[in-house]
Amino acid sequence: MSRLTPHERVLVALDTQDLERAAALVSDLRGSVGGFKIGKEFFTSHGPDGVRACVGSHPLFLDLKYHDIPNTVASAVRAALHLHPQMLNVHASGGRAMMEAAAEAAREAAEDLEMDRPLVLGVTVLTSLDDADLAEIGQQGNTAEVVVRLAKLAKASGLDGVVCSPKEIAILRKACGPDFALVVPGIRPSWTASGDQKRVMTPAEAVAAGADYLVIGRPITGDPDPASAAKRIRAELEAV
Ligand SMILES: O=c1ccn([C@@H]2O[C@H](COP(=O)(O)O)[C@@H](O)[C@H]2O)c(=O)[nH]1
């Protein structure tokens, strides 16, 4: 990936049902972060029109984590491109045919809409899971092994990168190379609590390990002064 500036790396998760609050966060933060991530909570509440109203022309990561049969996922990806996202994602565990269909749909729709093709990412293992959780759902191998296996499959299926935890960045850089995008949630500055995230690192640790983009929600949006939290994170990244 081309070299990103500290502020371009940070994508803020707008996890809220409150449209006005999301719009206020965008207005507060737009100068100090690289873009905004819309996930299931906001999208289920406000749909595509809410996304347009709130995020406007700022870089958008549409984090809807599609996981369905190839035809359904391809159609959803085509529909998603009307929002002109910079990146979107599917679950890598949806399999090769599904990921190939998603990548092809993104290529075709971008051409039809005469826009830049978004990065299509595979979600590997959610950052809220650890080895014990994977064993419980019957996955073979520890988190690092499963993440590498899914990331290699995502790459072979034509995806541009993966969503992974910071703990797997170094191993994925070796396995998938320098140009494979690593988009990383599970980011916790030293002054914040982990909450439901189990595989975490600080922003500086994640970038030093080789992350491209950092997805950060509550450490910024839950701070009494979100703009100041974003600035503290940016300062931390400038020192890497
Ligand atoms: O493995 C994953 C995939 C996606 N997410 C999303 O990232 C943000 C993280 O928010 P925090 O408040 O910083 O924990 C959230 O929207 C998740 O849906 C993830 O955390 N882990």
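**A close look at leucine 153**

Reply: Let's start with leucine 153, which sits in helix α7, the run of residues 143–156. Please keep in mind that this is a predicted model. Leucine 153 counts as partly exposed, because 18 C-beta neighbours lie inside 10 Å, while a residue needs 20 or more to be buried. If we set aside the neighbours within four places in sequence, leucine 153 is in contact with Ala92 and Arg96.

The largest nonpolar core has 71 residues, and the members that touch the most others are Val12, Val77, Ala102, Val184 and Leu214. Helix α5, which covers residues 96–112, gives the most to this core, with seven residues. Take leucine 214 as an example: leaving out its neighbours within four places in sequence, its contacts are Arg9, Val10, Leu11, Val184, Ile187, Pro203 and Ala206. Val184, one of those contacts, is also among the core members with the most partners.

Next comes the ligand. It is surrounded by 15 residues, and the closest are Ala13, Thr127, Pro185, Gly217 and Arg218. Two elements give two or more residues to this shell: β8 (213–216) and α10 (218–221). Sorted by class, the shell holds eight nonpolar residues, five polar ones and two charged ones.

Finally, two residues have a backbone detail you can look for. Lysine 65 is not a glycine, yet its phi is positive, near 45 degrees. You will find lysine 65 in strand β3, which spans residues 60–66. Lysine 65 is partly exposed, because 17 other C-beta atoms lie within 10 Å. Glutamate 114 also has a positive phi without being a glycine, here near 50 degrees. Its place is in the loop between α5 and β5 (119–123). Glutamate 114 counts as exposed, because it has 6 C-beta neighbours inside 10 Å, and the cut-off for exposed is 12 or fewer.

Definitions and conventions: Residues are numbered from 1 along each chain as its sequence is written. This is a predicted model: local features need pLDDT of at least 70, side-chain atom pairs count only at pLDDT 80 or more; totals for chains, interfaces and linings use all residues. A nonpolar core is a set of buried Ala, Val, Leu, Ile, Met, Phe, Trp, Tyr and Cys residues joined through C-beta atoms within 7 Å. Helices (H or I, at least four residues) and strands (E, at least two) are DSSP runs, numbered from the N terminus. Two residues are in contact if their C-beta atoms, placed from the backbone, lie within 7 Å. A residue is near a molecule or strand if its C-beta atom, placed from the backbone, lies within 6 Å of it. Ala, Val, Leu, Ile, Met, Phe, Trp, Tyr, Cys and Pro count as nonpolar, Asp, Glu, Lys and Arg as charged, and the others, Gly among them, as polar.
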